[in-house]
Amino acid sequence: MHPASSLIYFTVASGFGFGFLFFLGLGMPALTGANAFWSYFIGYFLAVSGLMSSVLHLGNKVNAVKAMSQWRSSWLSREGVFAILTLVTFAPVAITQIWDGPNFSLVGYLGSFLAIITIYCTAMIYGQLKTVPRWNQHITPFLFLAFGITGGAIIAQQDQIAAIGLPVLLILQIGHWVIGDRSWSSGLDTAESATGLGGSTGTVRLLERPHTGKNYLTTEMVHLVGRKHSDRLRGLVVLGLLLCVLGSIFIAPISLLVWLLPLVFAALISRWLFFAEAEHVVGLYYGRAK
Amino acid sequence: MTTLPNSTDKKLGLVIDLDTCVGCHACVISCKEWNTSNYGAPLSDADAYGEDPSGTFLNRVHTFEVMRPGKPAEVTHFPKSCLHCEDAPCVTVCPTGASYKREEDGIVLVDEADCMGCGLCAWSCPYGAREMDLSAGVMKKCTLCIDRIYNENIPEEDRVPSCVRTCPAGARHFGDLGDPTSDVSLLVEARGGFDLMPDQGTRPVNKYLPPRQKIEASDAPVEAIAADAKGFFAWVDKALSSF
């Protein structure tokens with residue numbers, strides 16, 4: 001799949017933003033005054049700029065407001081609905097904390113709950129797609145949640161939670177790769193089932209593409225760039241996460257923010273790979289081998 | 001509404017005969033011509049006369065080769081467009097309600113006035129049946145020529161999808177696949193019509209008819225067909241052999 005930078009920023013930034021808001025809603029840490037203002041500012045900025053970035057990806061942006069309407073069936077619509085609900089729910093919490101000091105009402109807890117649901121919905125936009133075997137695995141939503149919550153914990157300087165979250169994130173990340181690597185070749189769809197040709201003994205290969213040039217499908221879904229370096233890039237993700245794990249263990253909590261940089265670095269590369277390594281079954285019609 | 005109807009009154013769709021298709025791409029061109037000038041935004045092209053042309057099409061013809069051990073390759077031309085699935089994932093993923101499946105005839109359509117061009121429906125389609133028009137920024141797909149099949153302003157024989165009307169080989173058939181007595185249903189029954197990628201669980205309405213069994217080819221040397229000549233040729237044979 002085409003690794004669009006707007007979608008990479010969207011999923012990483014809004015994940016961290018909602019992850020941070022999750023901790024603020026729980027009163028971890030308990031803030032007031034300017035500290036509360038800047039914390040909520042960062043949380044809102046990450047979440048909202050991520051959502052704005054996803055709008056950049058749209059072909060027909062004027063209709064973006066209609067995306068809230070189909071929550072009954074569409075994960076993308078649910079993501080929009082829960083994102084707005086979360087941001088609206090946190091507004092009174094933020095205002096009371098900034099002016100009146102720590103005030104952890106049930107509304108804050110509700111906001112934290114909604115923030116988690118929002119990250120889950122973001123992941124399910126991709127995790128639901130049977131057409132992309134690498135994404136269509138149970139770990140996908142947990143990987144997104146682990147990135148969001150761990151990132152949020154680091155920004156919120158919750159060192160103990162970060163110390164638990166980072167190894168969990170590393171394990172989920174490696175698990176997602178291992179299962180994902182098998183998903184393409186073990187998937188039931190083949191060039192034979194895609195075309196219905198070949199019977200029991202024949203193998204099907206593409207003789208001629210339907211067109212000599214590129215088209216929307218080939219640039220969007222039969223995308224091959226960058227897989228060459230995927231091993232090295234995976235190594236960089238693991239290195240970044242390991243640095244964070246070590247940092248969370250050995251460095252004093254106040255310095256936890258130092259480890260945000262390798263985490264952001266790992267998250268961006270991981271998310272780039274998430275798109276670039278994913279293969280779409282339509283590739284079977286364009287000569288992609290199993 | 002992007003929830004799918006429980007059932008549709010009709011299941012209009014295409015039956016494509018892979019035995020008959022000659023791969024001329026006439027259906028591709030007639031589809032483009034009809035649909036660029038009728039329902040919805042035109043099907044744009046980019047760099048059409050330049051070095052790197054690309055464009056939006058609702059129907060494309062691939063060509064596959066089936067290889068069997070010890071047998072000559074079999075070439076099959078393979079037209080592909082929207083299959084108007086009964087369990088269409090492209091409809092349920094749509095966040096704006098632009099994608100829908102019609103209850104009366106099962107046609108899957110995009111209401112371009114609602115489409116925001118996110119492309120998720122194209123990602124959810126295993127068949128590559130949807131293409132975003134990069135000029136208009138909205139999703140395009142086969143409408144089963146909804147503006148022809150019910151159009152009382154055109155002669156009755158033209159009230160079929162453009163691709164069906166234009167196919168010179170008669171490889172494309174249009175009808176109600178929900179009616180077991182319709183011509184298309186009988187054809188599917190007689191020829192063993194099948195679904196594409198059944199494991200995706202989309203339950204396509206469109207069916208494909210398999211290529212018929214080819215005459216068994218042999219790689220043995222050709223045998224002489226006139227080993228014992230008669231009359232004039234016998235005299236020529238005898239005369240030439242005497243040198």
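Strands S4(B) and S5(B) run antiparallel and are joined by 8 bridges; two strands pair if DSSP finds at least two bridges between them. Strands (E, at least two residues) and helices (H or I, at least four) are DSSP runs, numbered from the N terminus. Across this pairing, Val61(B) has Pro79(B) in S5(B) as its bridge partner.

S4(B) and S5(B) belong to an open sheet of 3 strands in the order S1(A)-S4(B)-S5(B), with antiparallel pairing. Its edge strands are S1 of chain A and S5 (74-81) of chain B, each of which pairs on one side only. Direction ignored, neighbouring strands here are turned by 40° against each other on average. Helix H1 (residues 26-36) of chain B lies across S4 and S5 of chain B and runs at about 165° to S4(B). Axes are lines fitted to C-alpha atoms, for helices over the stretch in contact, and angles run from 0 to 180 degrees between N-to-C directions.

## Basis of the model

This is a predicted model, in which local features need pLDDT of at least 70 and side-chain atom pairs count only at pLDDT 80 or more, while totals for chains, interfaces and linings use all residues. Residues are numbered from 1 along each chain as its sequence is written, and chains are lettered from A and ligands numbered from 1 in the order in which they are written.

Chain A has a mean pLDDT of 90, and 96% of its residues reach 70 or more; pLDDT is the predictor's confidence in each residue, from 0 to 100. Within chain A, confidence is highest in helix H4 (residues 106-127), at a mean of 96, and lowest in helix H9 (residues 230-250), at 87.

## Where the chains meet

The contact takes 50 residues from chain A and 53 residues from chain B. Two residues are in contact if their C-beta atoms, placed from the backbone, lie within 7 Å. On the side of chain A that touches chain B, the elements that give two or more residues are helix H3 (75-100), helix H7 (191-195), strand S1 (203-208) and helix H8 (216-221). S1(A) gives the largest share, 6 residues.

S1(A) pairs with strand S4 (residues 59-67) of chain B in the antiparallel sense over 5 bridges. In this pairing, Arg205(A) stands opposite Glu65(B) in S4(B).

## Chain A as a whole

Chain A has 10 helices and 1 strand. From the N terminus on, its elements run α-α-α-α-α-α-α-β-α-α-α. Its C-alpha trace spans about 75 × 45 × 30 Å along the principal axes.

Of the 290 residues of chain A, 49% count as buried, that is, with 20 or more other C-beta atoms within 10 Å of their own, against 12 or fewer for exposed and in between for partly exposed, with C-beta atoms placed from the backbone. Among contacts in chain A between residues at least 6 apart in sequence, 76% join residues at least 24 apart.

## A second sheet in chain B

Chain B holds an open sheet of 3 strands in the order S10-S1-S11, with mixed pairing. Strands S10 (172-176) and S11 (207-209) stand at the edges with a single partner strand each, so one side of each is left without a neighbour in the sheet. Neighbouring strands of this sheet are turned by 25° against each other on average, direction ignored.

Strand S1 (residues 12-17) of chain B and S11(B) run parallel and are joined by 3 bridges. Asp17(B) stands opposite Leu209(B) in S11(B). Helix H6 (residues 183-191) of chain B lies across S1, S10 and S11 of chain B, running at about 120° to S10(B).
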